[in-house]
Amino acid sequence: MNGTPALSARNLTKRYGPVVAVDDFSADIQPGEFLTLLGPSGSGKSTVLSMIAGFSAPDAGRLHLRGQDITAWGPEKRAFGMVYQGYALFPHMTVAQNVAFGLRMRGRPKAQIAERVRTVLARVRLDGFEDRLPRQLSGGQQQRVALARAIAFEPNLLLLDEPLSALDRQLRSEVQRELRELNRDLGLTFIFVTHDQDEAMSLSDRVAVMNNGRLAQIGTPADLYERPANRFIAGFLGQSNFFSGDVEEQRGDEVAVRVGGLRLLAISPERLQAGTEVTLTLRPERIAVGDAARSCANVVEGMLRSRTYLGSSIAIEAEVEGIGLLLSTAAAWAPDGGGGATAFGEGQPVALGWSAHAATLLSER
Ligand SMILES: Nc1ncnc2c1ncn2[C@@H]1O[C@H](COP(=O)(O)OP(=O)(O)OP(=O)(O)O)[C@@H](O)[C@H]1O
Ligand SMILES: [Mg+2]
């Protein structure tokens, strides 16, 4: 990930009156990278994308395209492909005319346009649909036309703002696969916006998580999931248990943390003073239940409060003194052919265990 970034955003800030929609956003996007902006509603994702597209001017900050300052450039000069929520196809134009639109605007010769339209429609598996109108297509097909239109003029970057949110689950995963293939096959740089964590994790090379207009963390899906920088990230990407405590002692990188009346072991490469307040975050799938818990470095006794069958797993909530409710997702099926976590009944005592490596330490309450 060296060399000149495809796009470099430096300290982008956008205010709407008293609202700071985007606050000091910086990120480098590498050529061919699939970068996703993820965050809750109102966190500033679309505003970042619209500054990158050139539709709204930043109040502060710069944008560089392959090293060249484009902050003052209009959207046409930037030549970025765009796909937005819904389809926004021209309803009175045929599929071929929709796809040709950007090429006609750029004054490409007729024969070249016809050839290019054929190529990109084949690329999104819509050959034979040239003469249909958008209303004669399914949702997924319309979205693929929008994609074909956006890549037809060989854009510098492809910007996508929640392009899949109108599609049902089945279609969504089909178009997701298509997007990944386009990204890989064309080597085209993608900046993709979504508020769907699973979509961000499964599609992206890196994810930039936004919160309240600020970049909360940027990294690979594994970085964010395994090493969340703060409580917001740990809670936003997947589920987490949180408990606060004080560092008792540290031996090597193993830290003993006093939580309620419990002494829990965790790993911290960082030196922590005794008495430091920390938060432990623990993923539900890292907690073993029942006999399997007994051999773990951390074992606590709880009372089973609820058990929810989820098919591939069972969600268990157990009340643990000193910690509170602990959520665990255990396998519903044991490798020995037993019932796995189905064996535990509500209202019964249950042991929960996890290794020292399972918990992540955050130096904040
Ligand atoms: N044109 C505008 N005028 C005033 N405020 C705006 C404008 N556009 C966005 N905002 C505000 O800026 C903040 C960020 O909005 P933005 O649309 O970037 O969020 P988002 O992360 O894309 O949210 P969503 O997931 O709902 O699409 C919000 O508080 C929003 O109300
Ligand atoms: Mg938005």
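Which helices and strand each supply at least two residues of the lining of the largest pocket? This is a predicted model, where local features need pLDDT of at least 70, side-chain atom pairs count only at pLDDT 80 or more, and totals for chains, interfaces and linings use all residues. Residues are numbered from 1 along each chain as its sequence is written, and side-chain values use heavy atoms, without hydrogens and water.

Start by selecting helix 2 (75-78), strand 6 (81-84), helix 3 (95-105) and helix 5 (139-151), which answer the question. Helices (H or I, at least four residues) and strands (E, at least two) are DSSP runs, numbered from the N terminus. A pocket here is an open set of points on a 1 Å grid over the protein atoms alone, where a 1.4 Å probe fits, with protein on both sides within 12 Å along at least five of seven lines; lining residues have an atom within 4 Å of a point.

The largest pocket holds about 570 Å³ of space. Next, select Phe80, Met82, Phe101, Arg106 and Phe153, the closest to its centre of the 20 lining residues. Strand 6 contributes the most to this lining, with four residues.

Now move to the second largest pocket, with a volume of about 290 Å³. Select Ile267, Ser268, Pro269, Thr360 and Leu361: of 17 lining residues, these are the closest to the centre. Then select strand 20 (residues 359-362), the source of the largest share of this lining, four residues.

Finally, colour domain 1 (7-235) and domain 2 (239-362), with bounds from an automatic or database domain assignment. Both give residues to the lining of the second largest pocket, so this pocket lies between them.

Methods. Chains lettered and ligands numbered in written order. Points joined across faces, edges and corners; volume = space filled by probe spheres on them.
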